[in-house]
Amino acid sequence: MQKRVHYNTSYLPYLLVAPQIIITLVFFIWPAMQALYQSFLLEDAFGLSSEFVWFDNFVELYDNPNYLSSFIRTAFFSFAVAGLSMGVALFFAALADRVVKGAQGYRTLLIIPYAVAPVLAGTLWLFLFNPTLGIMTYFLDMIGINWNHKLDSSQAMGLVILAAAWKQISYNFLFFVAAMHSIPKSLIEAAAIDGAGPAHRFRTIIFPLISPTTFFLLVVNIIYAFFDTFGIIHAVTAGGPGNSTEILVYKVFNDGFVGLDLGGSAAQSVILMFIVIALTVIQFKYIERKVEY
Amino acid sequence: MSTINMQQLKKSYEDTQVIHGIDIDIVDGEFIVLVGPSGCGKSTLLRMVAGLESISDGEVKIDDKVVNKLEPKDRGIAMVFQNYALYPHMTVYQNMAYGLKLMKLPKEEIVQRVQEVAELLQIEQFLERRPSNLSGGQRQRVAMGRAIVRKPKVFLFDEPLSNLDAKLRVQMRMQIKTLQRNLGVTTLYVTHDQVEAMTMADRLVVLKDGIAAQIGTPMEIYDDPHNQFVAGFIGSPAMNFIDCTISDEVIDIGGQKMPRPTDVTQRGSVVLGIRPEHFINTADQPAIQGQVDMIEKVGASVFLYVKCDHIEELIVIQREGHSQVQIGELVPINPNLNKLYFFDKNTQQRLY
């Protein structure tokens with residue numbers, strides 16, 4: 001016999017899922033459709049009329065060396081942010097795992113940056129590294145490094161990577177701590193009896209056992225670096241100097257709302273949409289598969 | 001060839017003391033079982049010897065060398081955990097070779113040692129498998145293999161059989177005991193199962209609330225328990241404890257009288273202890289009697305739970321397997337007068 005609750009009214013289930021569906025439609029599906037439609041249009045110089053041009057906007061992007069270099073820049077930026085924030089988070093998590101006293105307070109403090117809005121995080125780092133006022137600039141000057149990210153493109157890139165990675169450390173830290181907690185303590189003890197020191201234990205036992213989490217975080221961090229770093233870049237460098245920190249998502253904004261090339265910008269955002277779809281599919285495929293040891 | 005000596009070993013967490021000064025001297029090759037109810041500190045004691053818990057006070061010596069401050073790896077021990085603690089991402093071979101690699105042994109010797117131990121434990125065919133593809137008993141053997149392969153001075157077992165089913169447990173019990181005897185390695189074994197403790201131990205340490213209630217061979221402890229706790233803990237079903245009053249002529253049990261064995265010198269209100277197996281089944285002259293409240297048949301024997309007037313607890317009496325007794329029947333209760341134990345009501349110490 002099936003034990004299932006039956007509702008006599010047919011509209012109730014729809015009513016219950018309606019808020020979620022409406023939000024998704026209004027804020028995600030509709031704008032995405034708009035962008036898709038827009039990407040096939042070419043606006044005239046005065047914004048008075050538009051023309052349906054099929055894939056011309058995409059072809060133009062394909063031929064545009066600026067777009068390609070932005071692509072490479074984005075890839076570099078993403079992997080640098082993911083690598084830096086995950087590396088630091090892993091280091092902190094490994095230390096936090098060994099803390100016994102005050103572990104709760106220690107963890108809470110490490111989680112705070114996650115609650116900071118991207119623009120604020122960017123501004124914070126901007127102040128620290130301000131070429132004329134920044135305290136870090138002052139220290140760097142003392143050891144003979146002339147810091148000016150408004151002129152030096154690699155310094156600018158370094159700064160946005162630092163700011164973006166800093167904000168994501170908390171998130172990664174949480175996941176790494178949780179993963180390490182789920183490793184039975186007796187495994188570590190067995191390894192200790194077998195003669196492995198802390199570093200060796202970490203390398204041969206802990207790290208392999210948290211690898212599913214590491215992979216999950218890698219995907220999440222790349223998605224973060226691709227899409228959620230707009231605020232940081234806008235606050236810190238606004239894509240400059242030159243185009244040196246203009247990653248794809250920033251270029252969408254720049255070309256669309258500053259350069260007013262709405263069609264080209266929409267085409268870029270459609271490409272980004274497909275990238276995030278691909279990344280999400282990879283992530284789900286991997287997570288749904290039971291990880292085998 | 002190793003001895004273990006514990007002297008006034010103590011353990012406290014902040015202000016609560018969990019181990020209250022334990023002295024045990026273990027000779028070479030001995031199989032010592034630490035047994036006690038949960039929370040008695042037996043695992044903590046084992047982990048202190050292993051070096052996984054710090055020692056608050058006192059000394060642990062292995063081979064006359066104080067090891068209090070040594071790292072676990074430098075104590076010459078190997079441990080088998082309750083959950084086996086096999087490395088899930090490594091094959092059986094890698095699990096067993098992990099410690100040997102860290103000892104920096106040459107590759108050929110590692111291969112040879114693992115092979116030898118695998119043959120000894122009959123796990124050669126699993127060497128390339130991961131622990132997740134093994135049954136509970138096989139994992140248990142791999143965990144033992146990982147301990148043996150290191151050729152330790154001391155084996156430490158932390159309830160290694162409690163995750164196995166009953167039949168396998170009996171089998172592994174024998175195997176571990178035989179293996180230990182053949183290898184001659186000094187062993188500390190923690191369990192809460194008193195049957196396991198009795199069958200495996202050369203000597204037992206019965207722990208209660210962080211104190212060694214009694215140390216001795218299994219039969220010493222069975223025959224001559226020092227206090228009520230040990231008497232009740234060792235033996236299955238547990239010893240009957242009955243409040244009684246001893247006068248010059250008789251022992252008064254809830255109004256019924258039983259002759260006083262002449263060599264019992266105590267008088268007054270005490271606790272009488274009788275094991276279920278120490279009743280005589282005879283028709284003549286019942287000392288006291290009671291009504292059968294419940295019957296448990298286990299095949300070879302029958303346990304009668306008998307209700308006597310003015311006695312709160314049911315008295316458990318063992319009879320041979322085919323005894324025809326009905327519930328509600330009045331049965332004579334004839335304790336073997338040579339097998340009576342008396343305990344002080346307050347201190348629970350053995351009086352006689």
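Let's start with a sheet in chain B: four strands line up in the order 17-16-15-18, forming an open sheet with antiparallel pairing. Strand 17 and strand 18 (330–333) of chain B are the edges, each with a single partner strand, so one side of each has no neighbour in the sheet. On average, neighbouring strands here are turned by 50 degrees against each other, direction ignored (axes are lines fitted to C-alpha atoms, for helices over the stretch in contact, and angles run from 0 to 180 degrees between N-to-C directions).

Keep in mind that this is a predicted model: local features need pLDDT of at least 70, side-chain atom pairs count only at pLDDT 80 or more, and totals for chains, interfaces and linings use all residues. Residues are numbered from 1 along each chain as its sequence is written, while chains are lettered from A and ligands numbered from 1 in the order in which they are written.

**Inside the sheet**

- A quick word on terms: strands (E, at least two residues) and helices (H or I, at least four) are DSSP runs numbered from the N terminus, and two strands pair if DSSP finds at least two bridges between them.
- Strand 15 (residues 288–297) of chain B pairs with strand 16 (residues 301–307) of chain B over six bridges, in the antiparallel sense.
- These two strands of chain B make a hairpin with three residues between them, and B:Gly299 in the turn has a positive phi of about 100 degrees.
- B:Phe303 in strand 16 of chain B sits opposite B:Glu296, and B:Phe303 also stands opposite B:Gln318 in strand 17 of chain B.
- Strand 16 of chain B and strand 17 (residues 315–320) of chain B are antiparallel too, with six bridges.
- Strand 15 of chain B also pairs with strand 18 of chain B in the antiparallel sense, over four bridges, and there B:Gly290 stands opposite B:Val331.

**Chain B as a whole**

- Chain B has eight helices and 19 strands, and its C-alpha trace spans about 75 × 45 × 35 Å along its principal axes.
- Of its 352 residues, 38% count as buried (20 or more other C-beta atoms within 10 Å of a residue's own; exposed means 12 or fewer, partly exposed is in between, and C-beta atoms are placed from the backbone).
- The domain assignment gives domain 1 (4–233) and domain 2 (240–343) of chain B, with bounds from an automatic or database domain assignment.
- The C-alpha centres of these two domains of chain B lie 39 Å apart.
- Their contact takes four residues from domain 1 of chain B and five from domain 2 of chain B (contact means C-beta atoms, placed from the backbone, within 7 Å).

**The nonpolar core**

- A nonpolar core is a set of buried Ala, Val, Leu, Ile, Met, Phe, Trp, Tyr and Cys residues joined through C-beta atoms within 7 Å.
- The largest one has 147 residues, and B:Leu34, B:Met79, B:Leu156 and B:Val206 touch the most other members.
- Helix 7 (residues 153–181) of chain A gives this core its largest share, 14 residues.
- Leaving out residues up to four places away in sequence, B:Leu156 touches residues including B:Leu46, B:Ile77 and B:Met79.

**Where the chains meet**

- 19 residues of chain B are in contact with 14 residues of chain A.
- On chain B's side, strand 6 (77–80) and helix 2 (92–102) are the elements that give two or more residues.

Definitions and conventions:
Two residues are in contact if their C-beta atoms, placed from the backbone, lie within 7 Å.
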